[in-house]
Amino acid sequence: MPAKEIIDVETKSAKSLAHEARRLYRQMLLIRYCEERLAAAHKKGLVHGACHTYVGQEAIAAGVCANLSRTDMVFSTHRGHGHALAKGMEPRQLFAELYGRETGCSRGRGGSMHLFAPEVGMMGTSGIVGPCILQAAGAGYSFQLLKQNNLAVAFFGDGAVNNGAFHEGLNLAGIWKLPVIFVCENNNYATEVPFDYAAANPSVAARGAVYGMPGIEVDGNDVMAVFSAAKRAASRARDGDGPTLIECKTYRTRPHSEGMADFGYRTREEVEEWKKRCPIQIFRSRILAEDLLEESELESVEKEISEMVELAHQYAEQSPFPARETAAIHVYAGPADPPAALKEAIGKERVMTYMKATLEALTEEFAKNERIFVLGEGVGKRGGNFATTTGLFEKYGPERVRDTPICERGFVGLACGAAMSGTRPVVDFMFADFVLDAAGEIMNQIAKMQYMSSGRLKMPILLRGCIGIGHSAATHHSGSYYSTYAHFPGLRVVVPSTAADAKGLFKTALRSNDPVLFLEHRELLTSKGPVPEGDYMIEFGRAKIVRPGEHVTVVALAMMVSKTLKAAELLEREGISVELIDPRTVAPLDVETIRQSVAKTGRLLIVDEDFQPFGLGAEITARISDVGFDYLDAPIRRLNTVHSPTPYSPSLEDAVVPHAEQIVIAIRELVKA
Amino acid sequence: MAIEIKIPRLGWSMEEGTFQSWLKKDGDSIKPGDPLFTLESEKAAQDIESTDAGVLRIPDDSPKPGEVVKVGHVIGLLSSADEIAGENPKAKPTNGDGNIHHDGTVKPTVTPPVPDNLVPLGQAPELNSVAESAAAVSPRARRKAVELGLDIRHVRGTGVGGRITEADILKAASTTQPSTPHNFTSMRRAIAKSTALSFSSTPHFYLRSEVNALALIEMREDLLPEMEKLQGIRLTLTDLILRAQGMALNDFPNARRIWAKEEIIELPANDVGIVVALPEGLMIPVVRSPEAGDLLAVAKQRSSLAAAARAGGLKLDALQGGATSLSNLGNSPADDFAAVISPGQSSMLAVGRAMPRPFVVDHKVCVRPTMKLCLSVDHRVMDGGPAAEFLGRIVHYLEHPVLLVKGR
């Protein structure tokens with residue numbers, strides 16, 4: 001089909017035809033010139049890390065993005081320079097980022113593989129293959145929930161389609177008819193592994209049918225073919241008919257990454273053959289053949305772009321490096337400090353279960369904030385495996401209380417994209433053990449997103465699940481994991497031990513702009529306690545002195561709090577007075593309250609259901625030896641679950657977890673030490 | 001040439017101090033600014049920093065912890081790297097030993113080079129090295145021993161493996177003190193000295209007044225919950241009296257005068273000392289300008305000074321300045337008492353407990369909560385008339401407490 005017929009769907013005027021042709025040509029050329037300049041800069045050492053160029057694939061970014069508005073969103077991969085430019089990132093921001101400068105699009109925090117310009121809908125590129133597919137689905141979810149007529153695009157290579165994220169993401173987008181275009185740039189090699197070796201079925205487009213969406217194969221070196229396919233996919237998405245998968249057959253004519261050897265896995269001849277199919281040259285010939293623009297007009301575009309790229313390079317080279325003292329800025333959105341008015345619970349107290357207390361918090365916040373939605377297995381009509389969403393589905397419907405297939409990585413990655421695009425997902429895992437399938441999405445994406453985007457993206461996402469040993473749940477339903485998450489910068493980790501704390505902390509989590517892991521001990525869910533009515537928030541990083549005492553400080557969390565209380569009551573009769581501190585949040589951790597207590601008692605025991613090595617107890621021990629060494633009258637002790645998977649048989653299960661009796665013995669020994 | 005380490009003078013009146021402990025070991029490489037040892041003066045214990053660089057030499061007649069030392073007394077030496085090399089050629093730094101530091105000093109890594117006149121490391125009977133070689137003293141016990149001026153070598157440990165714990169130190173302190181009168185704490189010694197000096201050299205006279213504290217107590221009760229809720233600070237009557245005293249000083253600069261070495265000088269600020277009772281004695285840290293800022297600021301200052309005093313963390317400069325102090329025994333059964341003026345000041349306000357007492361209001365005897373004030377005054381600085389005026393201002397503010405909220 002002639003180019004003008006493709007462009008001409010909306011307008012017949014010759015002037016506008018010329019305008020569109022010029023726009024596409026200009027876009028491709030900008031990408032090509034930028035990439036060539038960056039490759040040269042890499043050789044000179046101006047680019048400090050990896051540099052994956054897009055040379056040979058320009059038609060895809062240009063053709064797809066020509067169909068997008070500024071408020072549509074693009075999620076991309078390690079080979080993302082072209083996508084960023086086509087979505088509207090200024091070339092100088094791209095250059096400055098690769099040169100590691102303060103003026104870079106990610107303020108020097110990302111480099112080639114972490115390009116962010118959310119202000120123009122460039123939502124980021126990822127060094128990990130796959131997550132962009134899930135994140136685009138998440139943005140699609142936000143658009144659907146907020147009734148915005150936007151769409152999201154995921155660009156990814158052929159390497160991604162053999163990855164779980166592809167299959168989980170396409171399935172989720174398919175079942176919920178999300179406004180997303182999945183654009184696979186099949187350049188024949190996943191890094192250096194040939195696609196026809198790596199794929200049992202080498203047609204990517206054919207996989208669309210598996211997930212209930214059109215799968216279209218186009219020549220990725222023909223910008224008009226890409227433009228046209230993307231146009232149909234965009235209309236389909238905007239009309240509410242759901243996602244489309246487009247496979248663009250293409251080839252990168254430079255190495256996987258600049259400086260890498262290129263001919264161990266492919267031949268020089270093959271590369272030369274593809275160079276002849278240069279998308280820019282093809283389009284240039286077509287423009288001239290169809291009389292869309294004069295040669296002189298094309299030359300003036302070439303000159304303009306060439307100058308622009310040179311200026312971008314100069315701008316970047318002259319920009320300063322970011323100040324060293326800013327290296328740890330933007331890890332968190334800010335302190336999760338509730339307003340003074342909400343710090344104190346003033347409502348009348350009622351006795352209710354821990355489970356009901358978090359449900360009350362969620363129900364109250366649901367009514368106030370229509371951006372909140374819940375994702376999880378069985379959270380819809382069923383009301384949650386642990387009755388975490390009872391009553392919400394009936395009132396708010398499936399968009400806000402969404403049952404998911406069993407695909408933890410898929411829906412956590414989707415939640416990440418949703419948070420990036422303006423909604424506030426609550427992910428309900430049932431058991432925290434299940435989340436490990438999504439660990440990469442949490443630790444590599446959710447935790448790092450605010451930092452990588454230099455604080456321009458907020459990540460208001462609440463990930464909740466049950467932890468803890470009991471009732472022969474065995475090892476895939478018993479882990480604690482809070483120390484693991486607290487190890488990563490960017491996450492808040494909340495572990496309440498009472499119903500009232502659970503409600504207040506849940507509210508803080510639902511108003512925090514940081515990702516929060518909210519871990520509920522399963523054996524506490526039906527425990528009852530007084531819970532104030534109405535609105536109140538509990539500050540993160542504020543420990544509670546559960547019980548004042550004189551002789552020994554015990555720090556305990558979750559289920560260990562009530563066990564230690566029992567131990568303390570027994571010891572009181574022996575004249576040993578125990579001060580019990582519940583940190584309530586592991587990250588941030590309130591070391592100061594512990595220090596003050598140790599200053600009084602001189603002795604410290606940490607009772608922790610999570611594993612001992614490298615854990616909460618180790619952290620508290622190190623921090624207290626830093627700030628409270630001179631107060632210590634005895635070595636710090638830890639009491640933990642046995643370092644083994646959790647067994648099933650009651651006799652074995654009972655043997656691995658600390659009990660009040662063991663806490664009593666540990667305290668007695670410590671007081672004598 | 002080796003540099004002598006001398007006992008410095010901390011404050012103008014200091015003639016001697018109590019050596020507490022070395023903070024470095026014999027043979028340690030010292031940079032300017034490194035803390036060398038802890039010295040207790042009559043005001044507070046202070047870490048003394050080195051002004052020079054070199055290798056520390058501690059002679060065996062160096063003072064023992066708790067020993068009283070004269071200002072100017074030489075307690076150790078700093079040797080230069082060259083001297084050490086000269087004294088002991090075997091200790092010459094060689095490549096690969098890693099013992100040449102950036103600042104040119106030498107840190108012995110294997111055998112410390114020791115001049116003939118010094119006892120080698122390990123034989124020096126010095127607190128830190130003894131404690132470390134035994135490795136059986138808890139940090140808390142070590143700290144307590146220093147605080148009490150107790151020689152830890154005489155203490156038997158009862159913890160696991162014979163570790164000395166705080167309880168062992170406290171037990172040792174309570175049993176050794178009566179039999180060895182020399183061993184009472186350095187704080188007690190400082191108090192004994194300063195009160196005796198003040199009471200014998202300062203001509204005291206006393207002015208008394210009884211204050212109707214109804215409005216004051218009511219106002220405190222009104223403010224207390226709000227301030228405690230918002231700021232977590234408990235507003236005390238002490239804070240309000242400090243405020244009144246500061247405001248009276250501001251109104252009446254004569255009361256800021258002190259007797260200093262045969263002349264009278266007027267202090268520029270309205271600072272007020274506050275007597276903080278401790279298990280072993282008392283400290284008088286100084287609240288800066290209690291008349292200025294809001295009441296919360298006074299309460300915060302008072303509370304952090306008191307906490308620091310109790311934790312043994314008061315710095316020397318927190319004890320300096322102020323022409324007057326407050327001794328409030330409001331929480332005790334004392335109705336009325338007179339205080340000894342703190343050395344270097346010219347007055348001390350003593351306040352007894354607030355109690356319902358008969359009080360005449362509008363020619364009728366009523367029951368009112370009252371406080372009995374007694375101002376001790378240095379007659380060299382102030383006579384009865386002006387002193388009464390100063391006390392009058394204090395009484396006025398305490399009976400019109402709304403003025404206290406606004407401050408100066």
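This is a predicted model: local features need pLDDT of at least 70, side-chain atom pairs count only at pLDDT 80 or more; totals for chains, interfaces and linings use all residues.
Local features require pLDDT of at least 70 and side-chain atom pairs count only at pLDDT 80 or more, whereas totals for chains, interfaces and linings use all residues, and side-chain values use heavy atoms, with hydrogens and water left out. Residues are numbered from 1 along each chain as its sequence is written, while chains are lettered from A and ligands numbered from 1 in the order in which they are written.

**View 1. The interface between chain B and chain A.** Contact, meaning heavy atoms within 4.5 Å, joins 12 residues of chain B to 16 residues of chain A. The two chains bury about 940 Å² between them, 51% of it on carbon and sulfur atoms; buried area is the accessible area (1.4 Å probe) that two parts lose on being put together, summed over both. Of the area that chain B buries against chain A, 57% comes from Pro139(B), Arg140(B) and Arg143(B), more than from any other three residues.

**View 2. Polar pairs and helices on the side of chain B that touches chain A.** Nine residue pairs, both at pLDDT 80 or more, are in polar contact between the chains (a pair of N or O atoms within 3.5 Å; within protein, one must be able to donate a hydrogen and the other to accept it, and residues adjacent in sequence count only if both atoms are side-chain atoms). Helix H3 (139–148) and helix H4 (166–179) of chain B each supply at least two residues of this side, and H3(B) gives the most, with four residues; helices (H or I, at least four residues) and strands (E, at least two) are DSSP runs, numbered from the N terminus.

**View 3. The surroundings of Asn163(A).** Asn163(A) lies in the loop between strand E3 (152–157) and helix H7 (164–176) of chain A, and its side chain reaches the backbone nitrogen of Ala165(A) at 2.8 Å. Leaving aside neighbours within four places in sequence, Asn163(A) is in contact with Val129(A) and Arg409(A).

**View 4. The salt bridge between Asp219(A) and Arg277(A).** A salt bridge is a side-chain nitrogen of Lys or Arg within 4 Å of a carboxyl oxygen of Asp or Glu, and in this pair the closest N and O atoms are 2.9 Å apart. Asp219(A) lies in strand E7 (residues 215–219) and Arg277(A) in the loop between helix H11 (268–275) and helix H12 (279–289) of chain A, so the pair ties together parts that are 58 residues apart in sequence. Over all chains, the whole structure holds 60 salt bridges, but the count between chain B and chain A is zero.
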